[in-house]
Amino acid sequence: MQLLSKNSKFHLHWVGVMLTQIGAYFTLIALPWLTLSVANNNPTTLAIIMACFGIPHSIFILLGGSIADKYSPLFVIKLSRFGFACCTLIFALALYFITPSIWLLVGFAIFAGGFSALGFPANQSFIPRIVQHDDILKANVLTMGSSFVIQACAPVMAGFCLLWIKLYLERHGLVNSNIDHLTFAFLLDAALVFIAACCTLKINLGEKNETKALSKTHTLFKTVQTSFHYSFTHQNLKIILLYLMLISILIHGPLLILLPYLVKVTLNMDESALSYLLASQGIGTFVGATLVAVCKPNMQNLGKYILCFDLITAIVFIQLGFQSSLVLLCLSLVTIGCAAGFTVVAGTTWYQVNIPIEKLSGAIAFVLFAIHGLIPLSSMLIGTLIELFNVAQITTVFGTFTAIICFVGLLSPKVRNMGKVLSVDTESKNAPQDITSNA
């Protein structure tokens, strides 16, 4: 296999990931803003739309991992990108020609969530197939680090781009409603993802014969079942999955609703302010990813790193609801992003190094499901709670529960040592093995 600097397959994959990430931020800003505009700032409606995006998102993460194991990660990435580009283009055209309704938003959220989630596990399990084992950490730092740089820059770029389009339409008398400029956000997302999909067409791994053999020996249901059994009988993965589910409910789901609500309703600002918050989070994640590259942490201590960073996140999350300054909110998001960036890069490397490659897509799918799968339920809960309690009360309760979980986890040897590899494959080996792995 080629060196990373000369590996054209990796370069094409890297470019595709970056283009997809850039496009995603146009939709990430436009969709909640469009929803609040159509629903007259109703937080419950926002929660429902984000849940419609998240529920199929959760289901297709699991299916995407199993399909990638059964057929090929490359095939799933192509399907995901072309499908998302098509449904986003259709939605943008619909916004241009008809007045948007809640049902139109629901339909787009379901299809876009499904197609975007389909390629998540495949993207993460693809790297070990195209780079050398010793280059996995470097490849992760490059791809995820670039994604985090994009996360820092793309929201601001998207915000200013939408503002410029809005002013241009107003100056030339082309505005029919206050959401016309958002149509261009979805068009740009569709175009960028389509180009990213074309990049995958140039990657050839010669997997055709292998995927035919796999498709004959396993049904899709059997592949999902096997991945589930592996993930929840593997001692490390079982603890990690259960922990991630709790953090997803308490932190990730609430942030999805609270950030746009804080900006539009509490602070009474436009969508550019939301882009600053997302950019701040992106800056933090880049810093966190850089720490992994510089420190090269021992993966045996992964559990301790995750618990400590999430404890910091919980403390910052508590004070998030008390802030009325955009600058202080941005600083808070930098801290949360830094913790997330370190955990994501280190955690992904841990999976890629310690899980057998033939089970990797399915196992990563369950990890991603643990992170994203419960977000729709958490988001709907937050949307309901906002109408009953203020934001400060919600962040205090959820942040305190998270801090307690992290503190108890640090006191428990079983939880804080969840990064120690006890078994390479518990399906074939029941006896624990102590495998030292430095990424």
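Phe91 is buried, since its relative accessible area is 3%. The structure is a predicted model.

**Aromatic side chains**

- The structure contains eight aromatic pairs.
- One of them joins Phe91 and Phe108, whose rings are stacked, with 4.1 Å from centre to centre and 15° between the planes.
- Phe91 belongs to helix H3 and Phe108 to helix H4, so this pair ties together parts of the chain that are 17 residues apart in sequence.
- Phe108 is buried, with a relative accessible area of 4%; this value falls in the buried class because that class covers anything under 20%.

**The nonpolar patch on the surface**

- Seven side chains are named in a nonpolar patch on the surface: Leu89, Leu93, Tyr96, Phe97, Ile98, Phe184 and Leu187.
- Together, these residues have about 720 Å² of accessible area.
- Helix H3 (73-97) and helix H7 (180-201) are the elements that each give two or more residues to the patch.
- The most is given by H3, which provides four residues.
- Ile98, another member of the patch, is located in the loop between H3 and helix H4 (102-118).
- With a relative accessible area of 47%, Ile98 is partly exposed, because this class lies between 20% and 50%.

**Val265 in helix H10**

- Val265 is part of helix H10, which spans residues 235-266.
- The relative accessibility of Val265 is 33%, and the residue therefore counts as partly exposed.
- Val265 and Pro43 are separated by 222 residues in sequence, and their C-alpha atoms are 9.5 Å apart in space.
- When neighbours within four places in sequence are left aside, Val265 is in contact with Asn41 and Pro260.

**Thr45 in helix H2**

- Thr45 is placed in helix H2, which covers residues 43-70.
- The relative accessibility of Thr45 is 16%, so this residue counts as buried.
- Apart from residues up to four places away in sequence, Thr45 touches Thr35, Ala39 and Ile102.

Terms used. Residues are numbered from 1 along each chain as its sequence is written. This is a predicted model: local features need pLDDT of at least 70, side-chain atom pairs count only at pLDDT 80 or more; totals for chains, interfaces and linings use all residues. Side-chain values use heavy atoms; hydrogens and water are left out. Patches are made of residues with over 30% relative accessible area and no salt bridge: like charges are joined within 9 Å, nonpolar side chains (Val, Leu, Ile, Met, Phe, Trp, Tyr) within 5 Å. Accessible areas come from the Shrake-Rupley method with a 1.4 Å probe; for residues, only the protein chains shown count as cover. A salt bridge is a side-chain nitrogen of Lys or Arg within 4 Å of a carboxyl oxygen of Asp or Glu. Buried means under 20% relative accessible area, exposed over 50%, partly exposed in between (1.4 Å probe, protein chains only). Rings of Phe, Tyr and Trp (its six-membered ring) pair if their centres lie within 6.5 Å; planes under 30 degrees apart count as stacked, over 60 as edge-to-face and the rest as tilted. Contact means heavy atoms within 4.5 Å.
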